[in-house]
Amino acid sequence: MNPSLVFIYVAIALIALVLIVLSAALWRGSQQGARLAAHQSEAANNPAKANAAVYRDQLVELDREFVMGNLSYEELKAARDELSQRLLADVGSTPEATATDDAPAAPVIWHKPWLAIGLLVFVVPVSSLLMYSVLGEPAALDPLALQQGVNASTEVTPEKLTEMATALTRRLQDEPNSMEGWVMLGRVQRARGRFEESAEALGKALALSRDDNLSIERAEVLAQKNGGSFAGEPWAVIQRVLTADPHHLNALFLAGSASYAEMNFRSALRFWERAREVVPADSPDAPELDRAISEARDKMGLPAIPARAVSAAPEVKTGKAANLAATSISGRVSLVKELKGLVAATDTVFVYATAVSGSRMPVAIVRTTADKLPLDFVLDDSTAMNPSAVLSGMGEVTVRVRISKSGQAMAQPGDFGVSLSPVKLGSKGLNLMVRDTLQATP
C-alpha cells in the first residue's frame with residue numbers, strides 16, 4: 001500500500017481513538033457529577049436520614065471487625081451502644097441545628113455534555129489538520145506530484161531540485177522504509193549530478209525491495225560516478241541480471257553501451273542485437289537501437305542492415321490481395337467484461353505470431369493500447385520484426401495476445417493474455433478473447 005495512504009489511515013484512526021477516549025471521560029464525569037449533586041441535595045434536605053446512613057455503615061464495619069477477630073464480643077457490644085447513643089444525640093439536635101443554620105445552597109445539577117462533545121469532535125480534527133499544514137509536509141502526501149515534478153525536467157531548475165532533495169531527505173527521516181521515496185531521492189540527486197548520493201539512495205531502495213531494473217539504474221549511476229567506467233561493480237550488476245534473465249532489455253541496452261564505451265564493438269553489437277530481437281518495431285527505443293547497431297557495425301567494417309518495418313495493418317492492394325490473404329492471419333481481439341475494470345486504457349496490447357515449436361521470437365507483431373479493444377488485427381510480412389524471418393515462411397504458427405501494464409516486450413507478472421495454436425497461414429476471423437492471466441486456449 002502507498003505509504004501516504006497508510007499515514008492518512010493511521011492518523012484518522014488515532015484522531016478517532018482520542019475523540020472516543022475524551023468523549024467517554026466527559027460522559028463519565030457528567031454522570032458522577034450528577035450523582036454527587038443528588039447525594040448533596042439529599043443530605044441537605046434530610047440530615048437525619050444522612051446521619052443514619054453514616055452510622056449504618058459504621059455498624060457494618062464493626063461487624064466485619066468482629067468476624068475477623070479484631071474485636072471481642074464485649075468490645076463489639078460497647079461500640080454498638082456508643083454508636084446508638086451518638087445517633088440519638090445527633091437526631092435530637094437536628095431540628096435545632098436546622099432552625100439556626102442558614103439554608104443550604106442549591107446543588108449544581110450536571111447535564112449530559114452534548115455541546116462539549118460536539119465541540120470536541122469538531123475542534124480536534126480541525127486543529128490537527130491546521131497543525132499538520134503548518135508543521136508537516138502536505139506535499140509529501142502526493143508522491144505522484146513529486147514524481148511528475150522530477151520528470152518535468154524542462155520546468156525544474158537547480159534550485160527546485162535542491163528543494164526537492166531537501167524535502168525528500170526530511171521525509172525519509174520519518175519514513176525510512178519508503179522505497180518510492182528513496183528511488184525519487186536517488187533520481188533527484190542524479191539530476192543534480194550528485195552521483196554518490198544518488199547511488200546511496202538507490203542502494204537503500206534496493207535493500208527494501210529487489211528490482212532488476214532498479215539495479216541496472218544504480219549500475220549506470222555508479223558508472224557515472226566513476227567517470228563513465230563500468231569496471232567493477234557496474235559490470236558485476238549487469239552480468240548478474242543477465243544471468244538471471246538473458247532477455248532483460250535494460251540490462252542488454254546498458255551492456256551494449258558499456259562495451260561500446262570500452263571500444264569492444266563486437267560485444268556491444270552482440271548485446272544490442274539480442275535486444276533487437278525482442279524490441280517491437282514501433283517501440284520508441286527501436287530507432288535509437290537501430291542507430292546504435294549501425295554504428296557498431298560501421299566500427300567493425302560490416303555492411304549496414306536494412307531498417308525494420310514499422311508495425312501496421314497492411315493495405316490490401318488490387319492484384320496482390322489473394323497472395324496477401326494466403327500469407328496473412330486476421331481476426332479480432334476482445335476483453336471479457338470481468339477484466340475491464342483491471343485493464344487501464346493505456347496498457348499495451350501485443351498481438352503476435354511465433355513458431356509452434358522452437359523459438360518463441362515473434363515473426364509478426366502488432367502493438368497498440370487497450371483503449372483500442374476490441375481490435376481487428378492483421379499479421380503478415382509487413383508486421384515482421386526481422387526481414388529475414390517473416391510470417392510467409394511459416395506453415396503454421398501460434399497466435400498470442402498479451403496485455404502489459406509495464407509496456408515491456410518480455411512477459412511480466414500480472415499480464416493478461418491468451419494464445420491459440422496451431423493456426424495455419426491464411427486463417428481469417430480468429431476470435432481471441434482475453435479471459436485471464438496468460439492462460440492458453442485449446
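**Exercise 1.** How many helices and strands does the secondary structure of the chain come to?

*Solution.* Start with the ground rules: this is a predicted model, where local features need pLDDT of at least 70, side-chain atom pairs count only at pLDDT 80 or more, and totals for chains, interfaces and linings use all residues. Residues are numbered from 1 along each chain as its sequence is written, and side-chain values use heavy atoms, with hydrogens and water left out. Next, take the DSSP runs, numbered from the N terminus: helices are H or I with at least four residues, strands are E with at least two. The tally is 14 helices and 8 strands.

**Exercise 2.** Work out what share of the chain is buried.

*Solution.* Buried means under 20% relative accessible area (1.4 Å probe, protein chains only). Of the 442 residues, 33% pass that test.

**Exercise 3.** Take the sheet with strand S1 apart.

*Solution.* First, get the order: three strands run S4-S1-S7 in an open sheet with mixed pairing. Then find the edges, which are S4 (375-379) and S7 (430-434), each pairing on one side only. On average, neighbouring strands here are turned by 30 degrees against each other, direction ignored, using axes that are lines fitted to C-alpha atoms. Now zoom in: S1 (residues 329-335) pairs with S4 in the antiparallel sense over 5 bridges; DSSP has to find at least two bridges for strands to pair. Within S4, Leu375 is the residue that Val333 stands opposite.

**Exercise 4.** Place Leu17 in the secondary structure.

*Solution.* Look along helix H1, residues 3-45: Leu17 lies in that helix.

How values were computed
Buried < 20%, exposed > 50% of the residue type's maximum accessible area, 1.4 Å probe, protein only. Axes fitted to C-alpha atoms, helices over the stretch in contact; angles between N-to-C directions.
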